[in-house]
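Let's take a look at how side chains pack together in a protein. Have the sequence and the 3D view ready, and we'll go through them step by step.

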Amino acid sequence: MKKLKFILPLLLALIVCALPAHADKYSINRADLPETAQKFLTDYFPKSRVSMVKTDKHLLRKTDYDVKLVNGTKIEFNNKGEWTSVDCKNKEVPSGLVLKTIRNYISKNFPETYVVKIEKKTLSYEIELNDGIELKFDRLGTFKSVKMDD
């Protein structure tokens, strides 16, 4: 039994060491992104320069990418290079990223505002407006909820 107490931690340590380490890679090169992500940047942010590309290699999940542009915009991509989040801080998110039904809802119900952040979730979109209001829509663009800053 005493040998087992000694062997188990040793065995566990060997297994942990044998697994590939979680390592983030940083660069400023667009070519480090999947082709889909490179095209996204060209289409929606053609004049913006990349200040950082962070490649997250997860132990059990697939790789994802975080991109920061010189103008402060942050974009997250999944392993296929599809965008999952665009945060333009105080600037407007390119309208082509926002479903037409969502754009129409915002212009009707929140005039004088614009989208500064959009997150694409599995079943929904989460939108933040420049005045701090957060909206949630389903994947078809049907309004679900609103959260206002107090």
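How many residues does the largest nonpolar core have, and which of them have the most contacts inside it? Keep in mind that this is a predicted model. The core has 29 residues, and Leu 41 and Val 86 are the ones with the most contacts inside it.

Now zoom in on Val 86. Leaving out residues up to four places away in sequence, Val 86 touches a list of residues including Phe 40, Phe 45, Ile 75, Leu 97 and Ile 118.

Next come the rings. There are seven aromatic pairs in this model. One of them is Tyr 105 with Phe 143, which counts as stacked because the planes are at 10 degrees, under the cut-off of 30. This pair ties together distant parts of the chain: Tyr 105 belongs to helix H3 and Phe 143 to strand S9, 38 residues apart. Phe 143 also pairs with Phe 137, this time edge-to-face.

Here are the two pairs side by side:

| Ring pair | Centres apart | Angle of planes |
|---|---|---|
| Tyr 105 and Phe 143 | 4.6 Å | 10 degrees |
| Phe 137 and Phe 143 | 5.8 Å | 75 degrees |

Tyr 105 is partly exposed at 22%, and Phe 143 is partly exposed at 28%.

Elsewhere, ring pairs join Phe 40, Tyr 44, Phe 45 and Phe 77 into a cluster. And check out Arg 139: its charged end sits over the ring of Tyr 125, 5.2 Å from the ring's centre.

Conventions. Residues numbered from 1 in each chain as written. Predicted model: local features only at pLDDT ≥ 70, side-chain atom pairs only at ≥ 80, totals over all residues. Heavy atoms only, no water. Core = buried A, V, L, I, M, F, W, Y, C linked by side-chain atoms within 4.5 Å. Buried < 20%, exposed > 50% of the residue type's maximum accessible area, 1.4 Å probe, protein only. Contact = heavy atoms within 4.5 Å. Phe/Tyr/Trp six-rings, centres within 6.5 Å; stacked < 30°, edge-to-face > 60°. Helix = DSSP H or I, 4+ residues; strand = E, 2+ residues; numbered from the N terminus. Lys NZ or Arg CZ within 6 Å of the ring centre and 35° of its normal.
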